[in-house]
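Dear colleague,

Please find below the structure that I am handing over to you. My notes on it follow directly after.

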Amino acid sequence: MSLEILKQGAEGRLYLGDFKGESCLIKERFVKKYRHPELDTQITRQRMKAEAKAASRCLAAGILAPKILHSDLNTHKLYMEYFDKATTAKLFIQRTWAANLEEEAKPTLQELCSRIGTIVGKMHSNHIIHGDLTTSNLLINPTAHDYDIIVIDFGLSHYSQATEDKGVDLYVLERALLSTHSQQPFLFEHILAAYRKECGKDEEAVLSKFEEVRARGRKRTMIG
Amino acid sequence: MVCALGIEGSANKIGIGIIKDGKVLANVRRTYITPPGEGFLPKETAKHHREAILGLVKASLKEAQLEPADLDVICYTKGPGMAPPLLVGAIVARTLSLLWEKPLLGVNHCIGHIEMGRLITGAQNPIVLYVSGGNTQVIAYSNQRYRIFGETIDIAVGNCLDRFARIIKLSNDPSPGYNIEQLAKQSSRYIKLPYVVKGMDVSFSGILSYIEDLAEPGRRQNKRKKQQEAEVIDYSQADLCYSLQETIFAMLVEITERAMAHCDSNEVLIVGGVGCNERLQEMMRIMCEERGGKLFATDERYCIDNGLMIAHAGAEMFRSGTRMPLEEAFVTQRFRTDEVLVSWRED
C-alpha cells in the first residue's frame, strides 16, 4: 500500500493511511541516524508511549486531542485520528493578521488566545505537561459556525504535579510565541489571563514558579 | 569601503582582527590557558589580556600591512561576557579611537559569531546553532532581529563540557572541549545519561551532576552511596567523554531540527567555540541530509572567539549607518542576541 506523505516534521513523517477501514493519520518516527542507536531506540519508545498516554489523558479530561487508534513500537508508527480541515494556530494567526486590519484582527486573536489559555490551564489542572507548546502544535478545526482547538504532538509530554514543570511549560509557550509571532506581542498576556482561571488551586505557586523560570533566562550571564 | 579593526575579549581569548570589505586582512589571537582542573577566573583573565593586547594590535596592523590612518572604525565587544576581560578590550578600543581619531562601535558578541559564520560559509538565511562556553541558542532571523527560538535553561553546553573536563582533570590546552573530543574517539561504549529537551529548550545541569557522580563516585557520598555500592561498574574516562558528547549533541541536533521544521528552513549554520567539534558537525550533517538540507560550519579560526568577527559585524553596522557616541562605549555582562536591531540586512 503506498502511503501519501503529508509532511516531514521534526519528529517524524506524517502519512495518510487507514486503520481497520477507518482513514487515519500515521505518524512514523523514523530512525535518526545521527543519534547513537541505543539512545535513539530509547527516545523513540519513550516518546511514542508518552504521546499515546497524554492524548488519551487529555480526551478523558475533556480536552480535544487526536484519538490514538493503534500504536506499533516495532515499526515506530502511531495511528491516530486525522482532522482534514484543520490548520495550525500558527497559520491561523498569520492569516488573520494578514487579511484584516489591526483593530479587526486583534479581537479574533484575543479570543483565540483566551481559548488556548483555558486549554493549557485545563491540561495543567489535570497535571498533563505538554512539553512542547507552540502554535504549530495547536490545531484549529473549523466547525459549522465556529472552531475547535485540538492539541497535538505529545511526544515530550509527561504527567507531573510539580509547579516547576508547569512553569517551564508556560515558559516554552511564551518563548515560542515571542519568536514565531514577534509582530503580535500581546498574545501571551491573553493566554495567561485565561490560564489563571483554569489552572486549579496551585495558581499562585505555578505563576511564581513561572516568573522564576523566566528570570533564569533573563538573568543568566552569557560568556564566550 | 569599510576597513574595521575588531577587539574581542569577552572570555579567555583575546583577539584582534582587521577586515576590509569582507576581505580578511588579519586575525590574531591569544588564549589564557589554566592548569588542568582549574577554570579561568575574571581577574586573572583580565590580567592576561592586559599583557597581550597591545602586542596583538601591533601584530594585526603589521599582518594587514596597514597604518592606523587606513582604518575607518574601531570595534570592540560590548557584551555579553565577563566584565573584567571585556573592560580590557573596551578601554583599549576607546583609547585607540581617541588617539587615532576614528569612530568607535560596540558589538554584540553573539551577533559577531553569526555574521562571521554567514560571511565565511556564504549561508544566506540559516537556522543558527550558537554553542560556546557561555551560550547555547538556536536562532533564526526574522524582521530585523535575530530571534532566539530555543536555548539552554541553565548552563551552556560548553560550560558543561569544560566543567566535566575539570572533574576528570583533562588539560585546558588548547581547550578542554578539544581534549574531550579526542578522548571520546577512543571509546564506543554508550552509557545512558539523562536526556533533557523541553520544547525547543535544553538543560545540561542535571546531566553534569549525573556524570560527575559517575566520574567521581565518592564526591557526594551521602547522596549516591547506596546506588554506588549496588553497581560496581568501572567506566573509563573515554567512555564518559563519548557518552557525554553523544547525549548532549543529540539534544542540540534535535532542537535545531525542531526549529528547522517550525521555520520551514533547510539551512543550518553552527557557530561558537563548541561548533568546531567535528562529532557535532557530523551529527548535524546527517540530520540535514535526512531532511534534504545543508549544513554550514567553520573551523577553529572563525568558530572560536576572535577579533575578526567583531570587526566584520562592526563593519556591517557601520556601513548601514550605525554610530555610537563615546558616552555609550561601556560594556555589559548581559546583552541578549535579540536586543540588537539588525539594520544591515535587507531581507
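In chain A, 67% of the contacts with a separation of 6 or more are between residues 24 or more positions apart; two residues are in contact if their C-beta atoms, placed from the backbone, lie within 7 Å. This is a predicted model, in which local features need pLDDT of at least 70 and side-chain atom pairs count only at pLDDT 80 or more, while totals for chains, interfaces and linings use all residues. Residues are numbered from 1 along each chain as its sequence is written, and chains are lettered from A and ligands numbered from 1 in the order in which they are written.

Chain A has 6 helices and 10 strands, these being DSSP runs (helices H or I, at least four residues; strands E, at least two) numbered from the N terminus. Of its 224 residues, 41% are buried, that is, have 20 or more other C-beta atoms within 10 Å of their own C-beta, placed from the backbone.

Turning to chain B, the UniProt annotation "binding site", from an unreviewed entry, covers His109(B), His113(B), Tyr130(B) and Asp305(B); such annotations may be inferred rather than shown by experiment, and positions follow the numbering used here, with feature names shortened. These residues span 197 residues in sequence, yet no two of their C-alpha atoms are more than 11.9 Å apart, so they gather at one spot.

His109(B) lies in helix H3 (residues 109-121) of chain B, and His113(B) is also found in helix H3. His113(B) is buried, with 34 other C-beta atoms within 10 Å. Leaving aside residues up to four places away in sequence, His113(B) touches Tyr130(B), Val271(B), Gly272(B) and Met309(B).

Yours sincerely

Notes: A residue is buried if 20 or more other C-beta atoms lie within 10 Å of its own, exposed if 12 or fewer, and partly exposed in between; C-beta atoms are placed from the backbone.
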